[in-house]
Amino acid sequence: MSKTSNYLPNSDGHFCGVENCKIRTSLKLHTFGRRFYSCRYWSPDDDRACKFFKWLATSVCCACGAATAPIVIAKFNRLKHAVDVANEESKQAHALAAAALERERVTERKYARAKATRMIFEEKAKKLTIALLVLGVMFLVLLILSTRFREVKIRQMCLP
Ligand SMILES: [Zn+2]
């Protein structure tokens, strides 16, 4: 029951033969443990692989492996589900963190605006204090001057 695919090249024109391919082991339920030739570039994340495929003539299915495979696959699926759940939770945590970061930015902007407003009011308060001091000094000067002039007038009136 040896099956060989056609020597179909991939989009780059590359294709393997038995002499330059890689020997791998099947992990599928009904062919568990059986060995086969396939493209040396095959990988889940690589699209350079060609369609070359051929079972090894001497390879047979592993009975023990075929019995164990459903258990392993079920466990794998449970673990994969757990990973999916963890990824989803991680995404939600990232979204929450991003929202918290945005709230923090908004708060920082509000704080900066409040600080600028407070500085403006402090500046106004400083100017008003200076104006009040100047008015106070002027009032004192006027008071002193008016007291002096009154004395002068009184003295003038007392002159013979
Ligand atoms: Zn190939």
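In what order do the elements of the protein run from the N terminus on? The order is β-β-β-α. That makes one helix and three strands; helices (H or I, at least four residues) and strands (E, at least two) are DSSP runs, numbered from the N terminus.

This is a predicted model, where local features need pLDDT of at least 70 and side-chain atom pairs count only at pLDDT 80 or more, while totals for chains, interfaces and linings use all residues. Residues are numbered from 1 along each chain as its sequence is written, and side-chain values use heavy atoms, with hydrogens and water left out.

**Whole chain.** Show the surface. The protein exposes about 13,600 Å², by the Shrake-Rupley method with a 1.4 Å probe. Carbon and sulfur atoms supply 66% of that area. Of the 160 residues, 14% count as buried (under 20% relative accessible area; exposed is over 50%, partly exposed in between; 1.4 Å probe, protein chains only).

**Largest pocket.** Next, select Lys-28, Phe-36, Ser-38, Trp-42 and Phe-53. The pocket has a volume of about 510 Å³, the space filled by probe spheres set on grid points joined across faces, edges and corners. Of its 17 lining residues, these five are the closest to the centre. On a 1 Å grid over the protein atoms alone, a pocket is an open set of points where a 1.4 Å probe fits, with protein on both sides within 12 Å along at least five of seven lines; lining residues have an atom within 4 Å of a point. Colour β1 (22-25), β2 (35-38) and β3 (53-55): each supplies at least two lining residues. By type, the lining divides into ten nonpolar, four polar and three charged residues.

**Aromatic cluster.** Now select Phe-36, Phe-53 and Trp-55. Ring pairs link these residues into a cluster. Rings of Phe, Tyr and Trp (its six-membered ring) pair if their centres lie within 6.5 Å; planes under 30 degrees apart are stacked, over 60 edge-to-face, the rest tilted. The count comes to three aromatic pairs. Phe-36 and Trp-55 are edge-to-face, at 5.7 Å centre to centre and 80 degrees between the planes. Phe-36 sits in β2 and Trp-55 in β3, 19 residues apart. Phe-36 is buried at 14% relative accessible area; Trp-55 is buried at 11%.

**Last stop: Ser-38.** Ser-38 lies in strand β2. Is this residue buried or exposed? Ser-38 is buried, with a relative accessible area of 7%. Leaving aside neighbours within four places in sequence, Ser-38 is in contact (heavy atoms within 4.5 Å) with Cys-21, Lys-22, Arg-24 and Phe-52.

Conventions
Nonpolar A, V, L, I, M, F, W, Y, C, P; charged D, E, K, R; others polar.
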